Amino acid sequence: MDLISLSGGLLYTAFVIYLIAVIFFAATIRDKQHEKKFTLMNKLAIGTTILGFIAQVGYFFTRWMASGHAPVSNMFEFVTFFGMMLVLAFIILYFIYRIELLGLFALPVALLIIGYASMYPREISPLVPSLKSHWLYIHVTTVALGEAILAVSFVAGMIYLIRQINQSQTTAKTTWLEVIMYSICATLGFVIMTTIFSSMDYNATFSYVVDEEEMTLDYQLPALFGPENGELTTEDKMDAVFAAPGWLHGAEAPRKLNTLVWSLAAGLLLYLIARAILRQRIAAAIQPLLKKANPELLDEVCYRAVAIGFPVFTLGGLIFAAIWAQEAWNRYWGWDPKEVWALITWFFYAIFLHLRLSRGWHGEKSAWLAVIGFAIIMFNLIVVNLVLAGLHSYA
Amino acid sequence: MNIMKCSTCGHQNKEGTTICEKCGKPLDNDQQGTLLNMRYDGSAIRSKTKNRSIVDKIWNFFSSVKIGVTLITIALVASALGTIYPQEMYIPQNVDPALHYRDQYGILGQIYYQLGFHNLYNSWWYMVLIALIGISIFIVSIDRGVPLYKALKNQAIKRHPNFLKRQKLFGEYTDYNTDDKTQFINNLKKHRYKISEEDGHILAEKGRFSRWGPYVNHLGLIIFLVGTLFRFIPFMYVDDFVWVREGETAVIPSTNQQYYIKNEEFIFETYGNDDEDAIFEEALQNTSGPVPKHFETNAVIYEDVSRDVIGSDPELKEVKSGEIIVNEPLKINGLALYQDSYQLNEFQTMSFKLHEVDDEEEEAIVEFTVDLTDPESEYVFDNGYRIELNRYYPEYELNNGEPRSVSNYPRNPGFVFFVYGPDIEEREASFLAIGQNIPSGDNQYKLSLTDFGVRDVSGLKIRKDLTLPIIGLGAFIFMVGVIQGMYWQHRRIWIHQAADSMYIACHTNKNWYGLTREFEKMIDGTSFTMVRDQEKKNDS
């Protein structure tokens, strides 16, 4: 067996093991009769998580050996690595605080992230000269670890909010909490739709004319939004329902819009099905399961993850980034959108820490901030790469 | 200044002090039942006590955390605005920004441009904003850091009972013996607490240095920000660019003609030509066009060693040679040369021949070669023919019917030749460019392109940045401070020995969970029970 398929197999194995670990973590919540006892189920749950992590580390290094460079150079590789670091960050915080609930929520988020990553082209891609440096893995891995630890703060904050927010009536808070639930559904929707249509080998090609030049655009999802004045050239495929609005820029913009609309629609469907089955808000349905959780402890984890993650993020996302930028592009700072959003993330968590330490923003306020912080990280990871083109665009 | 006299020990405290510096008695009229505010250990903060002169008012404004957070929030939003559309430095260089933003992004783009957001990060107001944050950091650090330092340095060991009773973690013990106390203190020592004793009262403390973390990281930030200002001092910072053609020697700009660089060879490789690239095959098929794999300039650096005589030719002495690769700049005398860009296959020469229009064989009457970077104005031949290069456009384009050159680089050369000869009455003109050969009229002779030579051009950035050590130092100090403040915590445990009972109180500046866990280990082997968390209401 060659290294590349071994590597792919290991990633798949890790994914399945994480799934099993989630089930074990769910079981620890169910049978929690004795507080603070490290039962067999707890050992199984964390042990399985570590096993999955080892499998994913195996994926990482076999892929590195196969390609000759650290596999953090495109969207699939980076996002997968981010998922792996999220698992590591959870393991670290688990051994500090021993909260099983954290695993029950952090692992599904990691699974979703890895699933999301797999929707991008997975073939091994060559490095352009500016990426050929040891700083590639030094900078990227530290950023991913820092962001992952900060993401654990989001997970803890989300659990805190689901547990604490009064669900007896509809308020702005319950609505925003449902927005988080819906965002998760939409991500899942994206993964499901992409998987379904790629297993069917769906491909529809549109041709259109820009500046008297004939261009083509391939769709892997049925085209709801086609390119302006586009013509379907593949037979037996659905023609575009609408034309993408002209103010969208970039050659691939119509396809990105199409994918976004599909994800949002599939997410809405998933969300509505869940609501129909549960007959209440999703967060309200989860709330009773969290009764035994200690809100003060969750609040502490939410903050502690920021306290641990902030220096790591600063080191990787700003300082290592600046050193490398100085070497590769002869300036340590260039106001590239990715750099600016790293700075915004840094500003944001600086605000988080100041408000908490100096102005006493604990509990709910702090948890909401953790959610916003994660939204900023995701924005930088996805929107900046896909929409705001710059030096860091991978896909 | 007003003095606050402690009602218990008589110590005279500065106005604004909330906990007596000497005996630790709360000075806030003993609001029993509420927890003590332990921020800055109850010491007087300048901004909280003085508000009279204009200096006080400015000081108080900047020392407010609320203002600091507001400033950072504004900077955050402003920074985000700047990423909506590309900044001016990332749009093509040969276009007018005013038109570019309007044409590319419509009315919103035009508004963006007119608000100056296309150059947001270099705008005066963005810099002012960052400067205000810097001032705020500086003032707040002095305002809080100095009193906190003094308070912790001079802290009393024996504290007033009310001080302990109003801590978050507090326990009162009556039923214990001396062994318990000894064991407890031993446990504290085992956990690396520093123990100080005064009349049986104990202060156990560890990690005080972590309290300085915020002030250290703020210092780092201030050094960093000051470092970026040094860029505006001319000799500290050089940012220049030079194109060097293969085989050519060029002056390195910003060196006062002291240094020269020769481009011996420019090497450019793409993926897919090597066996080892086989594994990228699939990815390469999915990309349009070749993917660059490696490029470098083999360069020689010379220094002009001639005496400074105006008009004298430079006397070049080789000082260094080597490759300039992306990620591996060549350094000379504090100056770094970076591989920045390239222009492949730029025309170097073009060769022409003159023949009769009717001649199907196109037999050459004369032949000549034009050096495109240094063309001659006239080519004279022994057989009586003479060709004048009347006009030369290195990068030719037609602009409203008028020929012109976009740049001085021979990327698309265009020529107007005048041909003179024994059998030509006056002269014959013709225009030549790639794919074009236009005679001026009924010409007898025709010029044809026979050959051309190309070479690569390497684009090099010339950088000197003496601010880097300062900026690096600032970043380093920031990291030290942030780790010091975030990864350690300042924990204190007080034991107050009363006549018939003993009080224990604990305080930490953060991470209370860790402190309670540690306290559990501390009472191991003693009869002490766990301290109560007084913040938890109705805790059973």
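Buried means under 20% relative accessible area, exposed means over 50%, and partly exposed lies in between, with a 1.4 Å probe and protein chains only. This is a predicted model, in which local features need pLDDT of at least 70 and side-chain atom pairs count only at pLDDT 80 or more, while totals for chains, interfaces and linings use all residues. Residues are numbered from 1 along each chain as its sequence is written, chains are lettered from A and ligands numbered from 1 in the order in which they are written, and side-chain values use heavy atoms, without hydrogens and water.

Q: Why is B:Arg404 called partly exposed?
A: B:Arg404 has 40% relative accessibility, so it counts as partly exposed.

Q: What makes the pair B:Glu397 and B:Arg404 a salt bridge?
A: A salt bridge is a side-chain nitrogen of Lys or Arg within 4 Å of a carboxyl oxygen of Asp or Glu. The N to O distance between B:Glu397 and B:Arg404 is 2.7 Å, so the pair qualifies. B:Glu397 is partly exposed, at 27%.

Q: How many salt bridges does this rule give over all chains?
A: The count is 21.

Q: Why does the salt bridge of B:Asp239 and B:Lys461 tie together parts that are apart in sequence?
A: The side chains of B:Asp239 and B:Lys461 meet at 3.7 Å, N to O. B:Asp239 lies in strand E6 (residues 237–245) of chain B and B:Lys461 in strand E21 (residues 445–465) of chain B, so the bridge links parts 222 residues apart in sequence. Strands (E, at least two residues) and helices (H or I, at least four) are DSSP runs numbered from the N terminus. B:Asp239 has a relative accessible area of 38%, so it is partly exposed.

Q: Is B:Arg245 buried or exposed?
A: B:Arg245 has 8% relative accessibility, so it counts as buried. Its salt-bridge partner is B:Glu248, with the closest N and O atoms 3.7 Å apart. B:Glu248, at 22%, counts as partly exposed.

Q: Why is B:Tyr302 called buried?
A: The relative accessibility of B:Tyr302 is 16%, so it counts as buried. B:Tyr302 sits in strand E9 (residues 292–304) of chain B.

Q: Which residues does B:Tyr302 touch, not counting those up to four places away in sequence?
A: Contact means heavy atoms within 4.5 Å. The residues that B:Tyr302 touches include B:Thr249, B:Tyr260, B:Leu316 and B:Val319. B:Tyr260 is 42 residues from B:Tyr302 in sequence, yet their C-alpha atoms are 5.0 Å apart.
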